[in-house]
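This report goes through selected features of the structure shown below. Definitions are given where a term is used.

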Amino acid sequence: MIKNDVNIKLGGEAGQGVESSGMGFARAIARAGLHIFGVQDYMSRIRGGHNWYQVRVSERPIFAHEPQVQILIALDERTVKEHLDEVVEGGAVIYDEGLKVDDEEIKLRGIIPMPLPLLRFAEELGGSKLMLNTAAVAAAAGILEFDLSYPESIIRDSFGRRKGSEIADRNIRVANAAYEEARRRFAYLFEWKLEANPDAPKKMVINGNQAIGVGAIAAGCKFCCGYPMTPASSLLEFMFAQARRFNLVVRQAEDEISALLHAIGAAHAGVRAMTCTSGGGFSLMVEALSLAGSTETPLVLVVSQRPGPATGLPTRTEQGELLFTIFAGHGEFPRAVIALGSVEQCIFEVARAFNIAERYQMPVIVLTDAFLANSLRSVDIDSIDFRKITENIDRGKLILPHENDKIEEAVKDGYRRFEFTEDGISLRIPPGHPKAVYSVAGEEHTPEGFIDWEERMDNRVRMMQKRMKRLEIAANDMKLPELHGPEDAELTLVCWGSSLGPTLEAMERLNANGVRTNLLQFIDIHPLNWDSVADILSNSRNWVSVEGNFSGQLARWIRMNTGLKPMATVTRYDGRPLNPVYIVEHLQEVLAKI
Amino acid sequence: MMVATQVTMRDLQSPVEPTWCPGCGDYGILNAVKRALVQLGIPPHQVAFFSGIGCGSKLPDYIRANGFNSLHGRPVPIAQGFKLAHHDMFVIVVDGDGDNYGIGGNHWLHVMRRNINITHIVQDNMVYGLTKGQYAPTSMKGFVSSTSPEGTIEWPINPIAIALAAGATFVARGFAGDPKYLADLIAKGIQHKGYALIDVFQPCVIFNRINTYDWFRERVYKLEDDPNYDPHDKRMAWEKAHEWGDRIPIGIFYINEGQPTLEEQIPALAEKPLYQHDIPPKLEDLESLKLIFV
């Protein structure tokens with residue numbers, strides 16, 4: 001018997017409830033005290049097509065999915081055709097007995113076909129064929145001999161409050177029948193089992209976009225404006241859903257240009273503001289980003305990456321905008337770029353992004369991607385300590401217009417929004433106070449904020465130096481890459497963003513196989529103290545960058561700033577997320593050389 | 001909104017001298033804007049101007065008040081973000097016909113259907129002045145310019161008709177050659193609860209030799225001079241919006257009072273302006289947020 005270590009894939013057409021039942025099952029398993037990692041895959045259509053959801057279960061925290069599964073739940077025939085190759089020997093394929101599935105072929109591979117009257121249960125006991133997904137997931141619970149009360153509690157929470165609990169009751173009847181039938185007929189054949197651990201710490205199940213929203217709210221973000229674009233939309237939706245609870249202003253603009261400009265307006269008024277989009281929307285925002293740079297407006301801009309160019313692969317994942325976001329915008333101006341690698345980082349690094357923005361009065365771009373945005377992770381609920389955020393709010397040199405006494409004290413000699421200072425940071429008093437009436441201009445301006453219509457050389461030089469000075473100071477305040485694993489290693493895997501999880505697991509596998517490996521994650525991308533980065537990298541005997549893009553963008557960025565070159569890059573640009581097996585396979589050539 | 005009782009033209013005097021050409025219609029608009037603020041007793045710190053790029057968009061520097069000189073075509077969304085974060089401030093957008101009817105057209109269409117309480121003054125000189133004389137979205141058909149050497153072959157934008165169609169709740173047109181009357185229109189626009197458009201004929205004395213002060217003076221007449229004209233009647237407004245030629249109407253084409261503003265419909269703004277909200281949220285509220293993920 002293999003306990004609490006299993007991968008389950010659920011596949012079907014759009015509209016069959018693949019995502020909702022997959023996520024529901026993942027939540028049920030987390031309620032039972034186990035750790036989960038859930039990842040979805042869907043096509044850009046509302047009905048039809050082929051979608052799947054995969055849940056990995058473990059007793060320890062996990063950060064990636066695995067390409068091989070022990071259970072394949074097929075809501076349609078296509079799922080069997082597309083994914084049978086992924087099922088391990090001894091694994092199971094669960095499907096409705098009415099589907100045309102070649103069970104002989106399944107058996108030949110050493111896999112157990114498990115045809116069950118799932119549709120009949122759904123129709124007869126539930127009154128709707130839509131409950132097929134409930135039956136199928138319950139059957140999986142049956143062969144895993146997983147305590148059905150956990151899935152039942154999720155069904156109650158999902159349906160119980162709406163229209164009485166009648167729909168919940170019907171779903172539970174269907175679940176019980178499928179569970180018992182599957183357990184009776186197949187459980188003894190199937191090696192993998194799930195055993196609840198009720199004493200384990202309580203867990204929350206959260207995806208990357210939700211975690212970004214949580215981090216932003218905890219940091220006091222009060223204004224969010226976006227325009228829907230996959231895979232950023234669910235962040236905008238999360239902010240809308242929390243607007244009443246946290247008194248937020250959340251707006252959907254007419255386009256991404258407007259979305260960022262709205263955020264600039266709100267930030268100019270002294271509010272912590274955010275916008276979110278994907279690469280295409282960010283392209284439209286670039287002009288306004290330059291305005292935020294020129295007017296020294298602090299805000300947070302979340303770019304949830306997907307494959308480009310143009311519309312690219314709209315529902316897939318990629319880490320292709322690193323260099324774009326570092327360089328985007330006409331003219332030279334300061335901005336910070338940070339990249340999130342885990343759900344925890346989504347919460348805490350996003351909160352830090354608001355501090356960086358206000359401390360240095362510049363836009364901060366936060367990179368995530370479809371993989372991180374959509375994948376579900378279980379996190380011990382007590383490990384998220386919001387005091388780390390709320391006790392460290394730093395708004396920089398800001399006095400709000402209603403803080404009358406502070407203003408009176410600060411502007412005795414008059415107020416100049418873009419006063420030349422040693423650190424390049426000027427006092428920020430948003431409009432509204434009689435002693436601080438002023439202009440700002442995207443056009444080159446005087447310390448008072450007026451357009452410098454004479455376009456004077458000396459003012460221009462001083463203003464450029466003032467703006468860029470902040471970048472120099474911020475560089476020493478940014479996080480150096482984080483080392484995971486042993487200090488001295490033969491091989492160092494260098495990654496950024498969502499490749500963290502898969503690369504961490506690849507590192508563990510390599511160490512288990514006797515290749516002493518560590519990992520360097522870049523959370524802060526720009527600005528950085530590059531001398532220190534160079535020192536760190538020079539300590540690595542052999543380093544390889546692991547990135548979900550074509551050209552190894554982080555490796556190029558590192559080389560540009562340090563002259564150091566990796567011995568190889570592991571890249572992936574087929575729109576699919578990196579996973580530990582893929583990474584180790586693609587390191588074989590490297591391993592032969594070290 | 002707090003309104004002071006005594007504001008003078010002197011209070012609104014900026015240290016910066018305008019760089020506009022002698023005779024430019026923008027002087028009349030600047031004068032009218034100041035008069036409107038004086039008339040309403042709005043002190044400099046309670047008003048924020050948002051402008052685009054163009055001659056007229058330099059206006060915020062030439063009046064003592066809060067200003068934000070932004071990008072070509074982009075002041076409208078910035079003004080909305082600002083208003084939602086500080087809604088007891090008077091927010092006035094000043095931009096040009098290229099800004100608002102050209103590059104920023106989409107922003108304009110959408111701000112009108114939101115009825116946010118913003119006053120929008122469009123300096124409409126029917127030509128691109130600052131870039132030295134190309135045709136504009138409002139240039140009359142046949143207008144000869146450096147980018148239409150044989151005359152434009154496009155119809156001009158009709159700002160009044162578009163504003164009516166898009167749901168603007170205050171639609172007016174003024175003339176820079178009559179700053180006193182324009183001041184009155186702007187004051188009414190500021191007092192209007194919701195989005196107010198004031199399109200302003202603004203002669204460009206250098207690059208538009210067709211639509212001159214004299215050309216306008218011969219044609220414009222005030223809508224209110226017709227005792228039968230009712231600006232609450234959208235059909236009448238629609239008809240007048242299309243009057244162009246020997247007689248061109250100015251004044252308030254349309255007003256729809258009593259519609260809720262955008263900011264009134266946002267629950268978070270019910271108590272106080274957003275910038276005054278305490279941050280971060282309470283720890284117990286954040287802890288309860290975790291429970292939605294269990």
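## Strand β13 of chain A

Strand β13(A) (residues 299-305) is mostly covered, with seven of its seven residues buried. Here a residue is buried if 20 or more other C-beta atoms lie within 10 Å of its own, exposed if 12 or fewer, and partly exposed in between, with C-beta atoms placed from the backbone. Helices (H or I, at least four residues) and strands (E, at least two) are DSSP runs, numbered from the N terminus.

On one side, A:Leu299, A:Leu301, A:Val303 and A:Gln305 point one way from β13(A), while A:Val300, A:Val302 and A:Ser304 point the other way, and all are buried. In a regular strand the side chains alternate between the two faces of the sheet.

## Model and confidence

This is a predicted model, in which local features need pLDDT of at least 70 and side-chain atom pairs count only at pLDDT 80 or more, whereas totals for chains, interfaces and linings use all residues. Residues are numbered from 1 along each chain as its sequence is written, and chains are lettered from A and ligands numbered from 1 in the order in which they are written.

The model scores ipTM 0.98 and pTM 0.96. Chain B has a mean pLDDT of 96, and 98% of its residues reach 70 or more; pLDDT is the predictor's confidence in each residue, from 0 to 100.

## The seven-stranded sheet

In chain A, seven strands form an open sheet with mixed pairing, in the order β11-β10-β12-β13-β15-β14-β21. Its edge strands are β11 (249-252) and β21 (524-526), each of which pairs on one side only. The twist from one strand to the next averages 20°. Two strands count as paired if DSSP finds at least two bridges between them.

β12(A) and β13(A) run parallel and are joined by four bridges, with A:Thr275 opposite A:Leu301 in β13(A). Strand β14 (residues 336-339) of chain A and β21(A) run antiparallel and share two bridges; A:Val337 stands opposite A:His526 in β21(A). Helix α11 (residues 279-294) of chain A lies across β12, β13 and β15 of chain A, at about 160° to β13(A). Such angles run from 0 to 180 degrees between N-to-C directions, and the axes are lines fitted to C-alpha atoms, for helices over the stretch in contact.

Strand β9 (residues 203-207) of chain A is largely enclosed by the rest of the structure, because five of its five residues are buried. A:Lys203, A:Val205 and A:Asn207 point one way from β9(A), and A:Met204 and A:Ile206 the other way. Five bridges join β9(A) to the antiparallel strand β16 (residues 376-380) of chain A, where A:Arg377 stands opposite A:Ile206.

In helix α13(A), 16 of the 18 residues are buried. A:Gln361 follows the helix and has a positive phi, near 50°.

## Contact between chains A and B

A set of 49 residues of chain B is in contact with 60 residues of chain A, contact being C-beta atoms, placed from the backbone, that lie within 7 Å. On the side of chain B that touches chain A, β2 (66-69), α2 (75-85), α4 (105-112) and α9 (283-290) each supply at least two residues. α2(B) gives the most, with eight residues.

Strand β17 (residues 439-441) of chain A pairs with β2(B) in the parallel sense over three bridges. There A:Val440 stands opposite B:Phe68.

Note on methods: Two residues are in contact if their C-beta atoms, placed from the backbone, lie within 7 Å.
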